[in-house]
Amino acid sequence: MVLPAAERLPWSRGAWRDTLFVLSGAPLQAVCWTLVALPWAFWAPYRTGSVLSLLLLSCAAVLALVRPLGRAHRERAWAVLGADLPAPPPRRKLLRALRSEDARRDLGRELLYHLVVGPLLGGAAAAVALAWAGGAALACSAAFAFWLPPSKGLAVLLAGLTLAGLALLIAAPWLAAGTRRLDVRAMAALLGPDRARELERRVEDLAGKRADVVDAADLERRRIERDLHDGAQQRLVALAMNLGLARETLTDVPEPARRVIVEAHEEAKAALAELRDLIRGLHPAVLADRGLDAALSGVAARVPLPVTLRVDVAERVASTVEAVAYFVVAEALTNVVKHAGAASVEVDVVRDGPTLRVRVADDGAGGADPARGTGLAGLARRVRSVDGTFRVVSPPGGPTALTVELPCAL
Amino acid sequence: MRVVIAEDSVLLRAGLIKLLETAGFEVVAAVGEAAGLLAAVAEHRPDLAVVDVRMPPGHTDEGVRAALVIRRESPDVAVLLLSQYVEERYAADLLAEHTSGIGYLLKDRVADVSTFLDALRRVAAGGTALDPEVVAQLLLRRGGGPLGRLTPREREVLELMAEGRSNAGIAAALVVSESAVAKHINGIFTKLDLPHAEGDHRRVLAVLRFLDGDA
């Protein structure tokens, strides 16, 4: 929070706000040590038992006050500065909470604020108060000149004191602003939630949610595949079969009618082939059943190019990852056939510990650019959805190599 | 000829029954899942079982597994598998144990009625019927070795052979004379170092053994 210089002039609103903030902190900063020290001012026990119980009592009081004090500090920041500092995770039973390491660390940070940083800030608040009061008094020292016995050099002394007072008045807002900044920063770091831990938890949470979303999409793809397989595809087969039967048996119908039957039959078969390709691209049953090797050999065989396929995945990987790897190879091969003009393709799928490495290399024309083709961009997106890495090396003139690394488990 | 049908889609089951009965087959049982198929085969001892690969409860490869059980336990029952997709891996599983009385076709082939019925009869007679797509997959998969020495025409002939076609069938498909086909086949046998054998089945068996052994 860097304020413009005008905000730090002694008569500006910013200066008064900072001063108010810093001074309002001082009593709160003093509470803990006062609680520890105060009893000794009135009562000085000599028996060890009494000393220990008094110490214990002070400690308990401090521990009990840590949270309310922290809340008071945050309220102070909100009321004076309008700064909304995040509250630490709620803690119901102090003793039970101390069993968890996170809660212990939280308490440690809070004690650090109230017992160490707080008093220092309290000292700074006193300095701010002194700067204001002393500055004002010194600046007005000329007014007291009438009561002083006239002497040599008084005028010089008075002028010096006045200047010193003005300097203090100028310095006070800067001191207040600095203290305010330190306090806000200390409060955010020590009284709020542990940022690193919060982020860690948030990342874990998001990673879990994303894995759920990716799995859900995969599941949805399988459901669509099942539905199409059980529904439209069977109907089309039955339709094509009936048309085939009609074509074979209705030999004595007029020629135009016969031509229509023949056309319908051919159309039905073409539709079946198209639907089959579409459905197999969604999620082939053989993938869930036999794994990548079996599913990819089917894909490789459909490519009208010599494909060298090497699959070395001794232990099955997560089904969503399998689906992504399958999709990558299938799409990459489709791209090669469509755009590369290649003579041959090599596909390698190797499991290396926690990583599944997929490489599709062709000897085609090259020049593939993920930024331009929607196919490659879609692939990259799908790979990223499971935290994989995606790399295309495709200089103009070829060859092209697509390398994808996927984590074996989500 | 007595046939058992296992197909979980009611629509397609009815269609198959109609098709087979029109063609003069006797459909003795039609069931919707693998357990029912095994029971029906045990009860009726049919000549042929027409089996969908993907059936309840798992909807993956129940048909393939049932086919292997049937071929093992009732060798006189031929099995024709039908599937929406043909997978080289399933074909390899099937052919690893049996190369006779077995067929594996895309469901689409049902639409070409007479070709489909031919395949049915061939399988029931102890022959083989592999979908052209399976054969293409198998050839590509094992394409590295001596198969690479074949000319494109010889490859085509080998694919048709592997589908289970006779010389006359191959000649018709490629629109060449039967003697030209015989010449190609001799060329294939020589290049693949296969001994000459009589009859369609032994020929297919030799081809499939080769495809399987070259993995």
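How many salt bridges does the rule find across the interface of chain A and chain B? In this predicted model, the count is 8 salt bridges. One pairing joins B:Arg54 to A:Glu225, whose closest N and O atoms lie 2.8 Å apart. Polar contacts between chain A and chain B amount to 17 residue pairs, with both partners at pLDDT 80 or more.

The side of chain A that touches chain B draws at least two residues from each of helix H6 (195–249), helix H7 (255–282), helix H8 (285–290), helix H9 (292–302) and strand E1 (307–312). Of these elements, H6(A) provides the largest share, 14 residues. Classified by residue type, this side of chain A comprises 18 nonpolar, 8 polar and 11 charged residues.

In terms of extent, the contact involves 37 residues from chain A and 32 residues from chain B. About 3,200 Å² is buried between the two chains, and carbon and sulfur atoms account for 53% of that area. Within the area that chain A buries against chain B, A:Met241, A:Arg276 and A:Arg290 contribute 21%, more than any other three residues.

Helix H8 of chain A also holds A:Asp289. This residue counts as buried because its relative accessibility is 19%, and the cut-off for burial is under 20%. Beyond its neighbours within four places in sequence, A:Asp289 contacts A:Arg316 in its own chain, together with B:Thr60, B:Asp61 and B:Tyr90 of chain B.

With a relative accessibility of 58%, A:Leu163 counts as exposed, since the class begins over 50%. The C-alpha atom of A:Leu163 is separated by 9.3 Å from that of A:Gly135, a residue 28 positions away along the chain.

The largest nonpolar core contains 89 residues and includes members from both chains: A:Val347, A:Leu356, A:Leu406, B:Leu37, B:Leu81 and B:Tyr104 touch the most other members. Helix H10 (residues 319–340) of chain A supplies the largest share of this core, 12 residues. Another core, of 23 residues, lies apart from the largest one, and its members include B:Leu82, B:Val110, B:Val113 and B:Leu120.

Methods. Residues numbered from 1 in each chain as written. Chains lettered and ligands numbered in written order. Predicted model: local features only at pLDDT ≥ 70, side-chain atom pairs only at ≥ 80, totals over all residues. Heavy atoms only, no water. Contact = heavy atoms within 4.5 Å. Buried area = accessible area lost by both parts, 1.4 Å probe. Salt bridge = Lys/Arg side-chain N within 4 Å of Asp/Glu carboxyl O. Polar contact = N/O pair within 3.5 Å; in protein donor to acceptor, adjacent residues only side chain to side chain. Helix = DSSP H or I, 4+ residues; strand = E, 2+ residues; numbered from the N terminus. Nonpolar A, V, L, I, M, F, W, Y, C, P; charged D, E, K, R; others polar. Core = buried A, V, L, I, M, F, W, Y, C linked by side-chain atoms within 4.5 Å. Buried < 20%, exposed > 50% of the residue type's maximum accessible area, 1.4 Å probe, protein only.
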